[in-house]
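Grab a pencil and have a look at the model below. Try each exercise yourself before you read its solution.

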Amino acid sequence: MSPMTALPMAAAPVGADFSNDTWWIVLIKAVAIIVFLLVSVLFAIWFERKVVARMQVRPGPNVHGPFGLLQSLADAMKLLLKEDMIVRAADKVIYLVAPMISVFASLLVFAVIPVGPEVSIFGIVTPLQLTDFPVAVLYILAAASVGVYGIVLGGWASGSTYPLLGSVRSTAQVISYELAMGMSLVSVFIMTGSMSTRQIVDAQVPIWWALPLLPAFAIYLVSMAGEVNRLPFDLPEAEGELVGGYMTEYSSMKFAWFFLAEYINMLNVSAVATTLFFGGYHAPWRGDFLNTGWWGVGWFGLKLWFFMFLFVWVRGTLLRFRYDQFMRFGWKVLIPFALVWIVAVSVVQGLRRFTDVSWQTLLFVLAGVMVVGAVVSFLIPEKKPPARDEAPPEPFDAFADGYPVPPLPGQVLPPSPRRSLTVEGTAVAVANPETDESTAEDPAADETTAEEGDRG
Amino acid sequence: MTVSTTVGALVPLASSLADTGHTSTGEAVLFWVLAPVMVIAALGLLFARKAVHAAMGVVVVMISLAVLYVAQEAPFLGVVQVIVYTGAVMMLFLFVLMLVGVDASDSLVETLAGQRWIGLLLGAGLASVLIGVVVTATYSKPVGLAAANVDGNPQDVAKVIFGQHVFALEVVGTLLITAAVGALVLTHRPRLSRLIGQKEKADARVATLAEGGIITPLPAPGVYARSNAMDVPALGPDGSPLEQSVPRVLRIRGQERGYGGVFAEIDEETRHQIEGDHTEEQS
């Protein structure tokens, strides 16, 4: 961290002033961040279980401590004391390092999150933020992309199939959803003219970016669930398909590291959403004593836990995506949408910066363009579903030239003669060749009947 | 182009850098901590047996390099290095390594004839071009960080990239997009048959309902105390065996056991046991 704390002294105009910080102020802030994250994770686990339970009309954890608050502490203790196993097929070094990478990267992000305005700590006036620099938001993205290595390497180093599948999924998922996430943040950069978190928060004084940049906010909300592997995007650890995904072979404290990293990452993306779109530590109104000093921490916490609640709510509501639908959604919906939105925002911002068009004219023109677009979209005839070829394709003889050739596009192999074999009285199950893929029968089993086909 | 001219061209560069540069203690400590790590990681790339270990070496070098960039007050470069190279490029490498398989080793067979010599020739050509560029380049006098970052580091980097070098940037961007589209075109295979969607499949199943088709999955084979094999039918709610729970192929082959058969086996075994007990008692 030391080079980073030194950075704001560069000529770059950065909103926060860290010049008063002594080494022990920095130390206090760093320790406070880590303590806050660890305690929040314990609380978040309880919070999630409790809220999901209420959504499913059951009480949730209520035995240990008041309202069951000590439940997650007990779980953490249990994990600590469990037997620590290393799989024999594991690649030992990477197997041990992977969970550490995850936790380490997830602890990095909060360093640049402004938690409150300038306050006085033991007589020293300092902003409630460990550090800030001109590319702080990019630094957050960088830390997130390093954190993925933990998942990917953990799955690979386990030397087992399901974890490997989980980490392959995770790689694909993160590459595609980080693109959309980064692009949704770009419109905030364009409007603020800065990538420093403090300046972004300060730029949201009249109105939070969530409203004027609503599409970008929506994209961020979707991609942040994808980024932290939460439902409905928890494909890397889909328990119905992959046992436990990348963490299947981990036990005891190493498993707890992954668990911790996942929850800290939830807090991270919530904090980023708060900072970039929800006005950071500002109160929803202006010019009150509630908008000053330590009150900012309260507002920040409220907004942060609003997003955490959103995560739990989504988990209680939505089902997991199918993998191909999930990828299609990322590449064919989110990314093009984000690109169009960036172009729109830059055009508007460019017009404001470099011409003297007034806001009203600009808004009216934009509204006009949208209305015209909507009218034109009504004139475009609806796309008809491609008509089924009525004429059945001509029968294709694979052995026409003496040796077998595969069918070309448009040609269809004749149905297998084994398809028509029936057992007396049970002919109904295979009425339609298109539908019986989903029945209990294994289509590949047909090949094994080649020799004995006559028996039936 | 001899060695002496190369060195001669580089000497003023080195001296001009030494004139303006000064290193703080923290920076020196950072460098001497990171430099050995980077060298070891770079050697690991060369000597690691497993491809993933080599990739990890590259990642360590990249991240350490990024930290050094940041320490040199080029935060934008450092952070983008991590996002683009570590987060995207190396991640794609790892993705491919994983798809290829954990234990896969490189094939040493040349797929193109003379590939090695052509590659060597092209490499030598590239090296000579690069050396030529470096030697003939003229270096203007360094202006110092304060002058270079008047409006802040990212802003001034943007001015250089999208002002002075915008054409080169666009050309490189076009090249990269062309490469990506080319890869797509080369690896694309047209579908042999029409894609049948989820809705269409469901509709087709419902359409067979009138002819006695079944829209739900078929029942699973029977599970009994002594047998849960594929060839034993499940029992319906009324106690009758469900023939369809045995896979069609087994039924066509006549390999179905029938649940009566299972019970007969069990009966026989119990009878044996009871008789055996009796004989033991008698003896």
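This is a predicted model: local features need pLDDT of at least 70, side-chain atom pairs count only at pLDDT 80 or more; totals for chains, interfaces and linings use all residues.

**Exercise 1. Find how far apart the C-alpha centres of domain 1 and domain 2 of chain B lie.**

Step 1: get the bounds, which come from an automatic or database domain assignment. Domain 1 of chain B covers 19-102, and domain 2 covers 220-282.

Residues are numbered from 1 along each chain as its sequence is written, while chains are lettered from A and ligands numbered from 1 in the order in which they are written.

**Exercise 2. Decide whether Leu107(A) is buried or exposed, and list its contacts.**

Step 1: Leu107(A) sits in helix H4 (residues 92-108) of chain A. Helices (H or I, at least four residues) and strands (E, at least two) are DSSP runs, numbered from the N terminus.

Step 2: count C-beta atoms, placed from the backbone. A residue is buried if 20 or more others lie within 10 Å of its own, exposed if 12 or fewer, and partly exposed in between. Leu107(A) has 20 others within 10 Å, so it is buried.

Step 3: look for contacts, meaning two residues whose C-beta atoms, placed from the backbone, lie within 7 Å. Skip neighbours within four places in sequence, and Leu107(A) is in contact with Ile34(A), Leu37(A) and Ile264(A).

Step 4: check one of these partners. Leu37(A) is 70 residues away along the chain, yet the two C-alpha atoms are separated by 8.0 Å.

**Exercise 3. Describe how H2(A) and H3(A) pack.**

Step 1: Helix H2 (residues 23-55) and helix H3 (residues 71-81) of chain A have axes that come within 8 Å and cross at roughly 115 degrees.

Step 2: name the angle. Under 35 degrees counts as roughly parallel, over 145 as roughly antiparallel, 65 to 115 as roughly perpendicular and the rest as oblique. H2(A) and H3(A) are therefore roughly perpendicular to each other.

Step 3: find who meets whom. Leu42(A), Ile45(A) and Trp46(A) in H2(A) meet Gln71(A), Ser72(A), Leu73(A) and Ala76(A) in H3(A).

**Exercise 4. Now do the angle for H6(A) and H8(A).**

Step 1: helix H6 (residues 161-192) and helix H8 (residues 214-227) of chain A pack at about 150 degrees, with axes 9 Å apart.

Step 2: that makes H6(A) roughly antiparallel to H8(A).

Step 3: pick out the contact residues. They include Tyr177(A) and Met181(A) of H6(A), and Ile219(A) and Tyr220(A) of H8(A).

**Exercise 5. Work out where Phe67(A) and Glu73(B) lie, and whether each is buried or partly exposed.**

Step 1: recall that most residues other than glycine have a negative phi. Phi of Phe67(A) is near 55 degrees, and Glu73(B) has a positive phi of about 60 degrees.

Step 2: locate them. Phe67(A) is in the loop between H2 and H3 of chain A. Glu73(B) is in the loop between helix H3 (51-71) and helix H4 (75-100) of chain B.

Step 3: count again. Phe67(A) has 13 other C-beta atoms within 10 Å, so it is partly exposed. Glu73(B) has 22, so it is buried.

Conventions. Axes are lines fitted to C-alpha atoms, for helices over the stretch in contact, and angles run from 0 to 180 degrees between N-to-C directions.
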